[in-house]
Amino acid sequence: MCGVLGAFLRKGLPNQDVRIRSALRALQHRGPDDSGAESFPYLDGCLILGHTRLSIIDLSDAGHQPFHSADGRYVIIYNGEIYNYRELRSELTSLGYVFRTESDTEVLLTAWTAWGRDCLCRLIGMFSFAVLDRQEVALTCVRDAFGIKPLFYTEEDGNFIFSSEIRALTALKLHKAEVNWQRSYDYLVHGEYDNSEETFFADVKQLPSGHFMTLDLTEGAAPVLSKWWAPQITERIDLSPGEAAERIRECFLNSVRLHLRSDVALGVALSGGIDSSAVACAMRYVDPQMPINTFSFVARGSPVDEERWVDIVNQKIQAKAHKLVIAPGELVRDIDDLIHAQGEPFGSMSIYAQYRVNQLASSSGVRVTLDGQGADEILGGYTGFPGERAHSLLDERRLGAALSFIGSWAKWPGRSKASGLRALLAELSTGSVHELMRWAAGMNRVPSWVIQDTVDEMNIAHRVGRFRSGSSASGRRMVAQMANMLTKHGLPALLRHGDRNSMRFSVESRVPFLSVELVELMLSMPENYLVSARGETKHIFREAMRGIVPDEVLFRKDKIGFEPPEKEWILSIAGKVREWLSEDVSIPFIHRDVLLTQFDEVVAGRRPFTWQVWRWINFYRWRACLTV
């Protein structure tokens, strides 16, 4: 895992060498083992490529980057891992290519040399990289299918700049990065972020997942974006439930097997839920002898504590367990570093628990962890998509089945028939009816702590876009929503959290659920395989993991998600929080006195506690502490 940066400069930069060194330092936590930068002059400008390295595969100096092809035509800077690099290397060797190193970087560049962009569909891994073609005088930037690894870019006064993190990018900008107030409003009012190319900085974008971007270095044209992968939701009907479970089991185990390739110590982030437990148990299944370290946050004495389930898995796989208990006051100590590590505001304090778990892994000498991220989006997780699943049944004119599903779904803990019917009505409603429902739920009201006149003057849109599956998704509404969550609303934010939190401590976080083969297989499943007629989420995956994951964990019904006791933490430091919210921070559309009054009401118990409180805290600290 590494950090990349690059700039095509037509006008140059004041103190250019100093700025490049500063940008590399900003990425040092992503790659503390090595760094390098090279300059390539072209016509009236020059291209700079820089890299910081975290050595995971081939720890020798041979993996230094920028990395040049043997014939000198191509130069690459690369962040990520190609897990099937051994198989690709063997195939390329049979084609006559000769390798000088044992690194996956050389395999990736050789694959690009041999197959060009067609190599992307052959890669199993997570990556963002840039390849310079010195013959065609063109630069191509690529991001993996799911956006596991980040890549930000900006265009400014004829210059093109990109990097793994925004703070490295801003070190090379001529002008200060300005706040994107639309994104800020979407976050503060709706909790929306990381659902488009836009970032919290007005002139900085992120390359979308499953895309590549080409820049002609001779013509000065704008970069051209192209899509190389997108999820498909076509249903396959050739597999019985038993056959599907066996195919999923085989595919998942193979993904875990590939994700274990490493020349350094590795472990697993274990929450106690089905997803991370499946990863941990699969590790033991595919390698009965390997030492396994697990890292878990436990909230002893809290209703959200998962320690019991963590212990069951640790005993099953005979792991060396590392447990983390967090005192509320520790958040005060760490909050600024956490926000700085994330780079942009984020949704909840579960991200702090994740931050500390990665810190624990790093301090324990583990440089690679496997994680269960992405499972909910491909297995039919979360609450089971009751509105979308019932809509699919209605598409098939199965009204009785739809109502029966809602009734069965409602019998599970934390659900009700009323909430299931509301989800279905929200799914079916359009136009003014949908807006009326949102208004009734308080979702479209402008909060009293927002100055509406200022919002209007700033041309900020009050509403956020809503995903709606079209007629092409008839009968596949649930899977269409899952595909949307993979690429737009949901997973991109979670992957950003995981990348920044792990890289803050120079730990590589791997996500074996997010292999293209496994994702495409799961999205092709009949919907009743994913969520059963009786409302069981992850139905076919639970069947696939029988005998690997302990039954107590596999078929538990009370999974609460990876959540810390957020309310208790914040209320225990209410005085400090009020101090933060009272700071003289410029947020033009916020009525601070009203916000403070509402916070006081939350503390006093006169107003319900919601995640909104964390968004206030996070955004104020981000504006106060983050140098942009």
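1. Helices here are DSSP runs of H or I with at least four residues, numbered from the N terminus. In this predicted model, Phe619 and Trp622 both belong to helix α26, and because they stand three residues apart there, about one helical turn separates them.

2. The rings of Phe619 and Trp622 make an aromatic pair of the tilted kind, with 5.4 Å from centre to centre and 50° between the planes. As to accessibility, Phe619 and Trp622 are both buried.

3. Trp622 also pairs with Phe201: the ring centres are 5.6 Å apart and the planes meet at 70°, and since planes over 60 degrees apart count as edge-to-face, this pair is classed as such. Phe201, like Trp622, is buried.

4. The pair of Phe201 and Trp622 deserves a separate remark on sequence distance. Phe201 is placed in the loop between α5 (181–190) and β10 (205–206), whereas Trp622 is in helix α26 (residues 612–625), so the contact ties together parts that lie 421 residues apart in sequence.

5. For the model as a whole, the count of aromatic pairs comes to 24.

6. Arg122 lies over the face of Trp115, at 3.8 Å from the ring centre, and Arg308 lies over the face of Trp309, at 4.2 Å from the ring centre.

How values were computed
Residues are numbered from 1 along each chain as its sequence is written. This is a predicted model: local features need pLDDT of at least 70, side-chain atom pairs count only at pLDDT 80 or more; totals for chains, interfaces and linings use all residues. Side-chain values use heavy atoms; hydrogens and water are left out. Rings of Phe, Tyr and Trp (its six-membered ring) pair if their centres lie within 6.5 Å; planes under 30 degrees apart count as stacked, over 60 as edge-to-face and the rest as tilted. Helices (H or I, at least four residues) and strands (E, at least two) are DSSP runs, numbered from the N terminus. Buried means under 20% relative accessible area, exposed over 50%, partly exposed in between (1.4 Å probe, protein chains only). A charge sits over a ring if NZ of Lys or CZ of Arg is within 6 Å of the ring centre and within 35 degrees of the ring normal.
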